[in-house]
Amino acid sequence: MPSYPIHTVATAPEEARPVLGELAKTFGVIPNIAGAMANSPALIKAFAGLFRQVHSGTFTEAEIQILLLTNAVANSCDWAVAFHTMLALKEGLAPADVEAVRRRGIPADGRLAALSSLARKLIERRGHVSDHDLETFVNAGFHGEQVLEMLAVTAASTITNYVGTIARPPLEGFLQPHAWRA
């Protein structure tokens, strides 16, 4: 089985270093999952570009965190569940809603429930969602175009979730309170 070291800016391949530096500025640290991604400069550069686009779209940061947490749970990625739990709580999401998603349920908040439910269905059904699923999403106050925007969030989280599953980066100390097991 291949081993994937957790890179720092100093140890990463040259092409991956600027991205790790950018992530360090964003988060104050280089998340272990990014250090693992840096083993492939092509992957980390693609991820960083997609990450920027996801966070400059029409969803609020709280909505993005519900999407990313839902996707991490759907993809059974322990590291990403812990990370997005921390960020979701930091964004002010209700702890009960965050815990519901972690248990593979849906938030009590109707708008977040529609968002989380559609995100999970997109992954589980590989994009084959029903007209009813889309109508429920729009009736919760979202726009049809945001279904397509969700695909960018899903792509970003799929990269993270799959790296987490393959490379198995250790959970940082600050994420330990949010540890989760599939």
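**Pockets and helix packing in a predicted model**

Good morning. The largest pocket in this predicted model holds about 450 Å³ of space. A pocket here is an open set of points on a 1 Å grid over the protein atoms alone, where a 1.4 Å probe fits and protein lies on both sides within 12 Å along at least five of seven lines. Grid points are joined across faces, edges and corners, and the volume is the space filled by probe spheres set on the points.

The lining comprises 26 residues, and those closest to the pocket centre are Phe27, Phe51, Phe83, His84 and Leu87. Lining residues have an atom within 4 Å of a point. Two or more residues each come from α1 (17–27), α2 (32–37), α3 (41–54), α4 (61–74), α5 (78–90) and α9 (144–167). Helices are DSSP runs (H or I, at least four residues), numbered from the N terminus. The element that gives the most to this lining is α5, with 6 residues. By class, the lining of the largest pocket has 17 nonpolar, 6 polar and 3 charged residues. Ala, Val, Leu, Ile, Met, Phe, Trp, Tyr, Cys and Pro count as nonpolar, Asp, Glu, Lys and Arg as charged, and the others, Gly among them, as polar.

A word on the basis of these values. Residues are numbered from 1 along each chain as its sequence is written, and side-chain values use heavy atoms, with hydrogens and water left out. Because this is a predicted model, local features need pLDDT of at least 70 and side-chain atom pairs count only at pLDDT 80 or more, while totals for chains, interfaces and linings use all residues.

The second largest pocket has a volume of about 200 Å³. Of its 13 lining residues, Asp78, Trp79, Gly164, Pro169 and Arg181 are the closest to the centre. Both α5 and α9 supply at least two residues of this lining.

I turn now to helix packing. The axes of α1 and α3 are 10 Å apart, at an angle of about 40°. Axes are lines fitted to C-alpha atoms, for helices over the stretch in contact, and angles run from 0 to 180 degrees between N-to-C directions. The two helices are therefore oblique to each other; angles under 35 degrees count as roughly parallel, over 145 as roughly antiparallel, 65 to 115 as roughly perpendicular and the rest as oblique. Val19, Leu20, Glu22, Leu23, Thr26 and Phe27 of α1 touch Ile44, Lys45, Ala48, Phe51 and Arg52 of α3, contact meaning heavy atoms within 4.5 Å.

How do α4 and α6 cross? The axes of α4 and α6 (residues 95–102) come within 9 Å and cross at roughly 30°, which makes α4 roughly parallel to α6. Ile66, Leu69, Thr70 and Val73 of α4 meet Val98, Val101 and Arg102 of α6.

Finally, the axes of α5 and α6 come within 10 Å and cross at roughly 160°, so α5 is roughly antiparallel to α6. On the α5 side the contact uses Val81, Thr85, Ala88 and Leu89, and on the α6 side Pro95, Val98 and Arg102. By class, these residues are 5 nonpolar, 1 polar and 1 charged. Thank you.
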